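The structure is shown first.

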Amino acid sequence: MTDYLIFRLYAPLASWGEAAVGETRPTATYPGKGAVLGLLGAALGIRRDDDEGQAQLRESIAMGVKQHTPGMLMRDYHTVQMPAAQSKVSYHTRKEELSAPRDALKTILSSRDYRCDGLWTVAVWLTPAATLTLPELEQALKTPYYPLYLGRKSCPPAAPLAPQLRQCHTLKEALDVAFPKLAVNCQEDRKALRFPDEALYAWEGEASRLDGNGQEAEYNDVWDFPLNRRRWQFGPRLEFRRAIAAEEAC
């Protein structure tokens, strides 16, 4: 039996950032390690420039996610006016940025992707190096220090995260835990959110961690492990994935 902290993520808009080059800002279909650590860090009140706090958090937990539905892709043509970067000049607020001399203001164009009406269940467990506890994380999600959002500040949760502590035999058992329905019942949720025929599970650790069967899992390195939040540096981690028929995944 393993202790898990399990919570749900749903919002009309979510953005699970992937490697961004130039003007294109893509999104994954489900939250990765960086997104979950960012959510927990905000709940705990760990600032991005708190290197020690960020290190303690990322070394304390491992995670898995169940994608009930990835939602629909939405692409936003985004414009931002801001001053050009200058050495020894920093701006602490949006008002200060826009107060810069007019000839210093530039317009940045980008294409930003979002997932509309996606639904995910996240389970985290402690590593041997953990300095945090699951009850601490659970309480932080119930009473977050900073506002929580699903990838971007424009994506606040639209349903309670409903965090809960459970002892489960397998990770799949934890990720299949039931939550209060968003609509009237499970069938209405599936219809309203356009559930696909399969649920996707993604996790770290061992290939057999999900349910003891490691033969059917695919895997690869994903670059979503935060090394330095201030410099937005990320490294690789090994992630396993498996799709399971929705009827078996309930």
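A salt bridge here is a side-chain nitrogen of Lys or Arg within 4 Å of a carboxyl oxygen of Asp or Glu. The model is predicted, and by this rule it holds 15 salt bridges.

One of them joins R75 to D113, with the closest N and O atoms 2.6 Å apart. R75 lies in strand β6 (residues 72–83) and D113 in strand β7, so the pair links parts of the chain 38 residues apart.

Another pair is D51 with R230, where the closest N and O atoms are 2.7 Å apart. D51 counts as partly exposed at 35% relative accessibility, and R230 counts as partly exposed at 43%.

## A salt-bridge network

Which residues are linked in a network of salt bridges? They are K33, E204, E218, D224, R237, E239 and R241. Within this group, the side chains of R241 and E239 meet at 3.1 Å, N to O. Both R241 and E239 are buried. K33, also in the network, is one of the buried residues of helix α1.

## Nonpolar cores

The largest nonpolar core has 33 residues. Those with the most contacts inside it are F7, L9, W120, V124, L141 and L150. Two or more residues each come from β1 (2–14), α1 (33–44), β5, β7 (105–126) and α4 (134–142). The largest share, six residues, comes from α1.

Apart from this core lies another, of 18 residues, which includes I6, C168, L175 and I244. C168 is buried, with a relative accessible area of 2%.

## Helix α1

Helix α1 is mostly covered, as nine of its twelve residues are buried. The buried residues are K33, G34, V36, L37, L39, L40, G41, A42 and A43.

How far apart are the end C-alpha atoms of α1? They are 16 Å apart, which agrees with the 16 Å that twelve residues should span at 1.5 Å a residue. G45 follows α1 and has a positive phi, near 85°.

## H68 in strand β5

H68 is found in strand β5 (residues 61–69). Is H68 buried or exposed? H68 has a relative accessible area of 16%, so H68 is buried, the cut-off being under 20%.

The side chain of H68 makes a polar contact with the side chain of T121, at 2.8 Å. Leaving aside neighbours within four places in sequence, H68 is in contact with L119, W120, T121, F195, P196 and E198. Of these, W120 is among the residues with the most contacts inside the largest nonpolar core.

## Cysteines

How many disulfides does the model contain? The count comes to zero, with a disulfide taken as a pair of cysteine sulfur atoms within 2.5 Å. C155 is in no disulfide, and the nearest cysteine sulfur, that of C116, is 9.1 Å away. C155 counts as buried at 0% relative accessibility.

Note on methods. Residues numbered from 1 in each chain as written. Predicted model: local features only at pLDDT ≥ 70, side-chain atom pairs only at ≥ 80, totals over all residues. Heavy atoms only, no water. Helix = DSSP H or I, 4+ residues; strand = E, 2+ residues; numbered from the N terminus. Buried < 20%, exposed > 50% of the residue type's maximum accessible area, 1.4 Å probe, protein only. Polar contact = N/O pair within 3.5 Å; in protein donor to acceptor, adjacent residues only side chain to side chain. Contact = heavy atoms within 4.5 Å. Core = buried A, V, L, I, M, F, W, Y, C linked by side-chain atoms within 4.5 Å. Expected span 1.5 Å × (residues − 1).
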